[in-house]
Amino acid sequence: MQALAFYLIYPLLWVISRLPFPVVYLISDFFYFITYYIIGYRKDVIRNNIKTAFPEKDDKEITRLAKKSTQHFCDIFIEMIKSMGMSKESMKKRFTCSNPEMVNAFAKAKQPIIIMFGHQASYEWTMVLDDVLDYKVYAVYKPLKNKKFNDLIVNIRKKFNSEMVAMKQATALMSKSVENEAALFALIADQSPKAGRAQYFTNFFNKPSAVFKGAERIAIEHGTAVVFLKVKKVKRGYYETEFVTISKNGSETKDWEITDKFFQLLEEQIVKQPEYYLWSHKRWKSTLENTKRAVQLSPLIQQ
């Protein structure tokens, strides 16, 4: 059944990927209308998350942000499909980086590096940066249940020659690779663990938030550099990025320093463009009360 669904849908995806952008965004607008007004996809989750992050905003502004965020979510989906038919040159014009030399300086020193970013602006087109970085790039991702669609997504994201690494294998591979090569590991680091796995909590929008600390542990153990990727949406289909150093050597940092700095930088980015964050994921689903493990708190919470 999974294969049948793929072969029925793939021709439509292929056609969309070859359409001009104005038409593609008309399709995105149609998806947005269905998603927000007909299906009401996670409307309560989106509104509650925005209200939690911005308690000072009134209902009118929360509704506006919820609509814009859902529309952007549809844009991200359609842009991922569109990337199937885009040339590298076209993608590089639409997704630019102001300072790749900052990361490449670590490559010249043969130092492994971890790039952390969030579900802000465009996280699908970050693969474009592989073409301007002097590293062997490993991109960490969460596999889809449908193998055919998962293979399609992997092939799209490998367009610029990065190697895709499933999330469950990422920690072991990262630990092994940093010992043998100066590689770059890119990962979306604002995922929220389930209550059964939640153990570490930091402060995110003035609320205790369950987080993963795998990137920090590897950076400390192996002395990797750690960099935050800031992504700004300029307009529909155009993004600007900038690298911000979190640590030049993880082994020289204190416990929580890397994780806390990442979430501080991400929060600053979201505050500037809140309508372009993925508010539909349940960021605060795990709480200090419902977690099933002994928790460790960031100093930001303890203060």
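Asn-206 is placed in the loop between strand 6 and strand 7 of this predicted model. The phi of Asn-206 is near 60°, a positive value in a residue other than glycine. Most residues other than glycine have a negative phi. With a relative accessible area of 70%, Asn-206 is exposed.

Trp-256 is not a glycine, yet its phi is positive, at about 80°. The loop that holds Trp-256 lies between strand 9 (238–247) and helix 10 (257–272). Whereas Asn-206 is exposed, Trp-256 counts as buried, at 3% relative accessibility.

Strand 8, residues 225–235, runs antiparallel to strand 9 and is joined to it by 9 bridges. These two strands form a hairpin with 2 residues between them, and Gly-237 in the turn has a positive phi of about 85°. Strand 1, residues 95–97, runs parallel to strand 9, with 3 bridges between them. Glu-240 of strand 9 takes part in both pairings: it is the bridge partner of Lys-232 and also of Thr-96.

Attention now turns to a helix. Helix 2 covers residues 21–39, a run of 19 residues, and reaches 25 Å from its first C-alpha to its last, close to the 27 Å expected at 1.5 Å a residue. Which residues of helix 2 are buried? They are Phe-21, Val-24, Tyr-25, Ile-27, Ser-28, Tyr-32, Thr-35 and Tyr-36. Seen down the axis of helix 2, these buried residues fall within an arc of 155°, so they line one face of the helix. The background to such a pattern is that an α-helix has 3.6 residues a turn, so residues three or four places apart point the same way. The face of helix 2 turned away from the buried side carries the exposed residues Pro-22, Leu-26, Phe-30 and Ile-38. After helix 2 comes Gly-40, with a positive phi near 70°.

These elements can be set within the protein chain as a whole. Its secondary structure comes to 11 helices and 10 strands. The radius of gyration is 19 Å, close to the 19 Å that the globule rule gives for 303 residues, so the chain is as compact as a globular protein of that length. Taken along the principal axes, the C-alpha atoms fill a box of roughly 50 × 45 × 40 Å. Of the 303 residues, 52% count as buried. Among contacts between residues at least 6 apart in sequence, 80% join residues at least 24 apart. The protein chain exposes about 15000 Å², of which carbon and sulfur atoms supply 54%.

Technical notes. Residues numbered from 1 in each chain as written. Predicted model: local features only at pLDDT ≥ 70, side-chain atom pairs only at ≥ 80, totals over all residues. Heavy atoms only, no water. Helix = DSSP H or I, 4+ residues; strand = E, 2+ residues; numbered from the N terminus. Expected span 1.5 Å × (residues − 1). Buried < 20%, exposed > 50% of the residue type's maximum accessible area, 1.4 Å probe, protein only. Arc of directions from axis to C-beta. Rg over C-alpha atoms; globule rule 2.2 N^0.38 Å. Contact = heavy atoms within 4.5 Å. Areas by Shrake-Rupley, 256 points an atom, 1.4 Å probe, with all protein chains shown as cover. Pairing = 2+ DSSP bridges.
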